[in-house]
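Q: I have a structure open and would like to learn how to read it. Could you walk me through some features, one at a time?

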Amino acid sequence: MATKTAQQKSATFTYEGLDRQGKKVKGETSGKGAALVRAELRKQGINAKKVVKKREISLGGKKKIKPMDIAIFTRQMATMMKAGVPLVQAFEIVADGLDNPSMKDVVMKLKSEVEGGNNFANSLRKHPQLFDDLYCSLVDAGEQSGALETMLDRVALYKEKSEALKLKVKKALKYPISVICVAIIVTGILLVKVVPTFKDLFAGFGAELPAFTQFVIGISDGLVNNFLFILISIVAFVLIFAEMRKRSEAFRDNLDRLMLKLPIVGDITFKATIARYARTLSTTFSAGVPLIDALDACAGATGNVVYRKAVLQVKEDVSTGQQLQFAMRSTGVFPAMALQMTAIGEESGALDAMLEKVAIYYEDEVDAAVDGLTSMMEPLIMSVLGVLIGGLIIAMYLPIFQLGQVV
């Protein structure tokens, strides 16, 4: 029976009562039962009149936990630990400062697990959707080595750099796509709403319309007559694409290969992938994780099937006794700079430091490429918008100009 109580899952309780001065107090605390919570409050000088277990709310009804929330949590925990704050107290301080209620709940659950005798890494493993194997392994290595604050600092840096890199790549993709979508929507509205008005006006001219105007009116008629079909087709395409990407591994793999072949965007994807690989391997290797296990973690962190398979091949070659630099070179997908820095790192015994330099170099390259793409896309997009909208305006006013010349 005692074992069952010890293994009882912690929960959050709300309480109301009186303090030592007889003042009313209320708040929240965690514990493994109402009786234990009352006893704990009594130790704190609070006579609890009411203790009620807080009802669990599914994360689906709350604000979603984003990867950047995990990065912020890790950085704050690293700061608390470096300042000498005990782990349990650090959880409380960090939770109080979090804006996302879902993340706050997770932190309080971690606190309850650690208070119950579980270690930090195993507590994290109970939330695999938030903390991956790499994260948990690094924290575990920090706890075992007695340098948890140092390891948390490394994990925080890794998460911050990884998320910043992802945001840069998304920025490179989202900006032109969003502007093109706006251009298509504006053009569609003009074709559906404005052009038919001009068409009715031109019907009374009794003269043949210019070829360009007839072409635009033809597109407008086709869009108006088949509007519902086109709309359903677009929605169906988006849904099918999203479902295929979610369910089909082969489809995702082909998308990854396509991303590397696209002009401009492919170069950014390539540099971002190399940066992620180098950053992950540097972080894991410096944490004392064996190279084979570190490569296993790197394979999933690359984010691209081409490099995932390449890293797994590197892992196999290294496990047979081959040097890392030669194993990487044999795949044919790693750039010369990364190969040379890896070779220097292996020869000098500073592989983690050299890989970190590779990561920093390619992260800076991605940053510069994204800024360059944004600067290049702005005039290009404005030109496309000018051609689309300006072309429609010219097509509609061309008959009026010709009519004025005849008069």
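A: Buried means under 20% relative accessible area, exposed means over 50%, and partly exposed lies in between, using a 1.4 Å probe and protein chains only. This is a predicted model, in which local features need pLDDT of at least 70 and side-chain atom pairs count only at pLDDT 80 or more, while totals for chains, interfaces and linings use all residues. Residues are numbered from 1 along each chain as its sequence is written, and side-chain values use heavy atoms, with hydrogens and water left out.

Q: With which residue does Lys111 form a salt bridge?

A: A salt bridge is a side-chain nitrogen of Lys or Arg within 4 Å of a carboxyl oxygen of Asp or Glu. Here Lys111 pairs with Glu92, at 3.3 Å from N to O. Lys111 is in helix 5 (residues 101-115) and Glu92 in helix 4 (residues 87-97), so the pair links distant parts of the chain, 19 residues apart. Helices are DSSP runs (H or I, at least four residues), and strands are too (E, at least two), numbered from the N terminus. Glu92 is partly exposed, with a relative accessible area of 36%.

Q: How many salt bridges are there in the whole structure?

A: A search of the whole structure finds 15. One of them joins Lys126 and Glu113, 2.9 Å from N to O. Lys126 lies in the loop between helix 6 (120-125) and helix 7 (133-145) while Glu113 lies in helix 5, so this pair ties together parts 13 residues apart in sequence. Lys126 counts as partly exposed at 48% relative accessibility, whereas Glu113 counts as buried at 19%.

Q: Which residues do salt bridges with shared partners join into a network?

A: Arg75, Lys82, Asp153 and Glu160 are joined into one network. Within this group, Glu160 forms a salt bridge with Arg75, and the closest N and O atoms are 2.9 Å apart. That pair links distant parts of the chain, with Glu160 in helix 8 (residues 148-203) and Arg75 in helix 3 (residues 67-82), 85 residues apart. Glu160 is partly exposed at 27% relative accessibility, and Arg75 is partly exposed at 24%.

Q: How should I read a pair of aromatic rings?

A: A pair of aromatic rings is described by the distance of the centres and the angle of the planes. Rings of Phe, Tyr and Trp (its six-membered ring) pair if their centres lie within 6.5 Å; planes under 30 degrees apart count as stacked, over 60 as edge-to-face and the rest as tilted. The whole structure holds ten aromatic pairs. In one of them, the rings of Tyr361 and Tyr362 have centres 5.0 Å apart and planes at 85°, so the pair is edge-to-face. Tyr361 is partly exposed, at 37% relative accessible area, but Tyr362 is buried, at 5%. Elsewhere, Phe270, Tyr277, Tyr307 and Phe334 form one aromatic cluster.

Q: Which residues does Lys271 touch beyond its sequence neighbours?

A: Contact means heavy atoms within 4.5 Å. Leaving aside neighbours within four places in sequence, Lys271 is in contact with Tyr362, Glu365 and Val366. Lys271 lies in helix 12 (residues 265-286) and counts as buried at 13% relative accessibility.

Q: Why do the buried residues of helix 15 line one face?

A: An α-helix has 3.6 residues a turn, so residues three or four places apart point the same way. In helix 15 (residues 324-331), the buried residues are Leu324, Gln325, Ala327 and Met328. Seen down the helix axis, they fall within an arc of 165° (the arc of the directions from the axis to the C-beta atoms), so they line one face. Just after helix 15, Gly332 takes a positive phi of about 75°.

Q: Where does Ile264 lie?

A: Ile264 is in the loop between helix 11 and helix 12. Its phi is near 65°, a positive value in a residue other than glycine. At 43% relative accessibility, Ile264 is partly exposed.
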